[in-house]
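These are my notebook entries on a structure that I had not examined before. I set down what I looked up, entry by entry.

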Amino acid sequence: MGSKYTKRYTEEFKRDAIALVDSSGKTVTAVARDLGISSESLRGWYRRAKADRGEGASGELTTAEREELRRLRRQNVEQAKTIEVLRKAAVFVCPERKGLPV
């Protein structure tokens, strides 16, 4: 679990770090050590960049797919809440249907 003091890196820094891994021939861990960052952070950025380029593991989501999935999940939650409100309203408006599915 991350602390509230977790460092935030700019997209430019992340791109440069990923490019350094690609161009230097060093391992992700070595590049992370040289830059003074967590190797796990750099490894995650590198893995995501590879997926975005279509070089990721089979079934790995791109950043765009992750964002769409996040958006669809939020939309699903909102729709479930709307359906629940409509169910309750239907019982209120039409009490004789109380035991029947809406």
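Entry: the positive patch. The patch is formed by R48, R70, R71 and R74. Patches are made of residues with over 30% relative accessible area and no salt bridge, like charges being joined within 9 Å and nonpolar side chains (Val, Leu, Ile, Met, Phe, Trp, Tyr) within 5 Å. Lys and Arg count as positive and Asp and Glu as negative, while His and the chain ends are not counted. I took the place of a charge as NZ of Lys, CZ of Arg, CG of Asp or CD of Glu.

I then turned to R71, which lies in helix α4. R71 counts as partly exposed because its relative accessibility is 42%. For this term, buried means under 20% relative accessible area, exposed means over 50%, and partly exposed is in between (1.4 Å probe, protein chains only).

Entry: the source of the model. I recorded that this is a predicted model, in which local features need pLDDT of at least 70 and side-chain atom pairs count only at pLDDT 80 or more, whereas totals for chains, interfaces and linings use all residues. Residues are numbered from 1 along each chain as its sequence is written, and side-chain values use heavy atoms, with hydrogens and water left out.

Entry: the chain as a whole. I found 4 helices and 0 strands, in the pattern α-α-α-α along the sequence. Of the 102 residues of the chain, 13% count as buried. The chain exposes about 8300 Å², and carbon and sulfur atoms supply 54% of this area. Accessible areas come from the Shrake-Rupley method with a 1.4 Å probe; for residues, only the protein chains shown count as cover. Among contacts with a separation of 6 or more, 30% join residues 24 or more positions apart; a contact means heavy atoms within 4.5 Å.

Entry: salt bridges. How many salt bridges does the structure hold? I found 6 of them, each being a side-chain nitrogen of Lys or Arg within 4 Å of a carboxyl oxygen of Asp or Glu. Side chains of opposite charge can pair when their charged atoms come close.

I looked up E11 and K14, whose closest N and O atoms are 3.6 Å apart in a salt bridge. These two are separated by about one helical turn, because they are 3 residues apart in helix α1 (residues 11–24). K14 is partly exposed, at 21%.

In helix α3, R43 and E40 form a salt bridge at 2.7 Å, N to O; they too are 3 residues apart, so about one helical turn separates them. With 53% relative accessibility E40 counts as exposed, whereas R43, at 26%, is partly exposed.

E55 pairs with R53 in a salt bridge, the closest N and O atoms being 3.2 Å apart. D22, R53 and E55 are linked in a network of salt bridges. E55 is partly exposed at 46%, and R53 is partly exposed at 41%.

Entry: S39. I located S39 in helix α3 (residues 39–52). Which residues does S39 touch, not counting those up to four places away in sequence? I found V28, T29 and A32. The C-alpha atoms of S39 and T29 are separated by 5.1 Å, although these residues are 10 apart along the chain. S39 counts as partly exposed because its relative accessibility is 22%.
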